[in-house]
Amino acid sequence: MPTDTLEPPAPTGLAAALARRGIHYGWVVAAVTFLTMLVTAGAVGAPGVLIGPLQKEFGWATSEISSALAIRLALFGLMGPFAAAFMNRFGVRPVASVALTLIALSVLGSFAMTQLWHLMLLWGVVLGLGTGMTAMVLGATVATRWFTHRRGLVVGLLTASTATGQLVFLPLLAELTDRVGWRYAMVFVLAMIAVAAIGVLLLMRDRPADVGLAPYGETRIVPAPATPASLLTMLASPIVALREASTSRTFWVLFGTFFVCGASTNGLVQTHFISLCGDYGMAAVTAAGVLAVIGIFDFAGTVGSGWLSDRYDSRWLLFWYYGLRGLSLLYLPFTDFSFYGLSLFAVFYGLDWVATVPPTVKLAADRFGEKTNLVFGWVFAGHQLGAAFAAYGAGFSRTVYESYLPAFFIAGGLCLFAAAFAVTLRAKVDLPVAKAA
């Protein structure tokens, strides 16, 4: 953190009105971020509902559709470090606004798509770039800038919005797709994007100093660090951060475990769970309902994880989260896809769907300081590369072996390995990455 702090002037505007009531404006920014990440996640998760309808309408194979979804997931992650650099240079509100615009354009363009390359471009490239600019890096940036006290809880809440958006919207999208077609389901997504964009434009602010406040839990304003002098310097800053962080074993453990996290959540279950259940005779709406239950339990689990990460050793939290997730994935094929079996799976799997994020962000913040959002961007890139790997791999397994089960067994095994690696992190902080200029 910068040591040169300033005495805070009086808060301004809405921040002043809230301050008189004892409410810090950071909670407003967190709420807008929650909504933005919720809607973005719903856009990311929507294509998982549409694999079946696209196959019927266009005759595309599961592996072909999965290729486009894998591109989306890879770009969703690889944009993370550069999204952090854009936020550092241009501010959070402009970046979030551009991202929501790209997502809206990808959805609008999909109404007219007829060729596989259209799908690759719109739902692979454009949607991947747009959602990648408002991924978990946005939540990590807001939490670290606006909160010192309750930071773990805020990370948990914002992370929960991502998983909840991916899962809770799915039953409605599946119902709309079943009743009136997938294009009408996308109209709902567009409406939600518009609501989020209005919130961002009216209420989002970059830093507490912009409204005359110190971060929540502090008494002095923290001035913004110097912005990069040129566009080239800005674009190079994620590469510089990666080069410096790559000398730390902590970075590679976090990167590797987050690769497994993405492979066992977004890439596998979010993308292919509905199709897997369809192989066992379950209707898409019912399967989406199971995902919604997972989302509900995930919300509780991830918020609880944020609370725990403020109080307990994050390494051991990761051990338990990855271990329990791996066991639940290994159990899934033995549920016989009955109501009781899937309910049990939904509870245990849902509780740690992305409960791994708060302790991962905390470990990154403890070790990498001012460059946390850039470093976490690369860690999150590992998450989405894992998701892309699983999205394509599961589709390949279904096409070649006519079964998704090998992919689920592999993901469960990888989670157990991740649990073991998480506790190999040293308790003490690594040598810090050089502070931003």
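This passage describes the overall build of a predicted model and then turns to a few of its helices and residues.

The protein chain holds 18 helices and 0 strands. Its radius of gyration is 21 Å, which agrees with the value near 22 Å that a compact globule of 437 residues would have. Along the principal axes, the C-alpha atoms occupy a box of roughly 65 × 45 × 45 Å. Of the 437 residues, 57% count as buried. The accessible surface amounts to about 16,900 Å², and carbon and sulfur atoms contribute 70% of that area.

Helix H6, which covers residues 116–132, contains His118. With a relative accessibility of 17%, His118 falls under the 20% limit and therefore counts as buried. The side chain of His118 comes to 3.0 Å from the backbone nitrogen of Thr114. When neighbours within four places in sequence are left aside, the contacts of His118 are with Met113 and Trp123.

Two loop residues deserve a friendly word on backbone geometry. Phe337 is not a glycine, yet its phi is positive, at about 55°. This residue sits in the loop that links helix H14 (314–331) with helix H15 (339–351). Phe337 has a relative accessible area of 9%, so it is buried. Glu402, also a residue other than glycine, has a positive phi near 60°. Its place is the loop between helix H17 (372–401) and helix H18 (405–422). At 63% relative accessibility, Glu402 is over the 50% limit and so counts as exposed. Positive phi values thus occur both at a buried position, Phe337, and at an exposed one, Glu402.

Terms used:
Residues are numbered from 1 along each chain as its sequence is written. This is a predicted model: local features need pLDDT of at least 70, side-chain atom pairs count only at pLDDT 80 or more; totals for chains, interfaces and linings use all residues. Side-chain values use heavy atoms; hydrogens and water are left out. Helices (H or I, at least four residues) and strands (E, at least two) are DSSP runs, numbered from the N terminus. Buried means under 20% relative accessible area, exposed over 50%, partly exposed in between (1.4 Å probe, protein chains only). A polar contact is a pair of N or O atoms within 3.5 Å; within protein, one must be able to donate a hydrogen and the other to accept it, and residues adjacent in sequence count only if both atoms are side-chain atoms. Contact means heavy atoms within 4.5 Å. The radius of gyration is taken over C-alpha atoms; the globule rule is 2.2 Å times the number of residues to the power 0.38. Accessible areas come from the Shrake-Rupley method with a 1.4 Å probe; for residues, only the protein chains shown count as cover.
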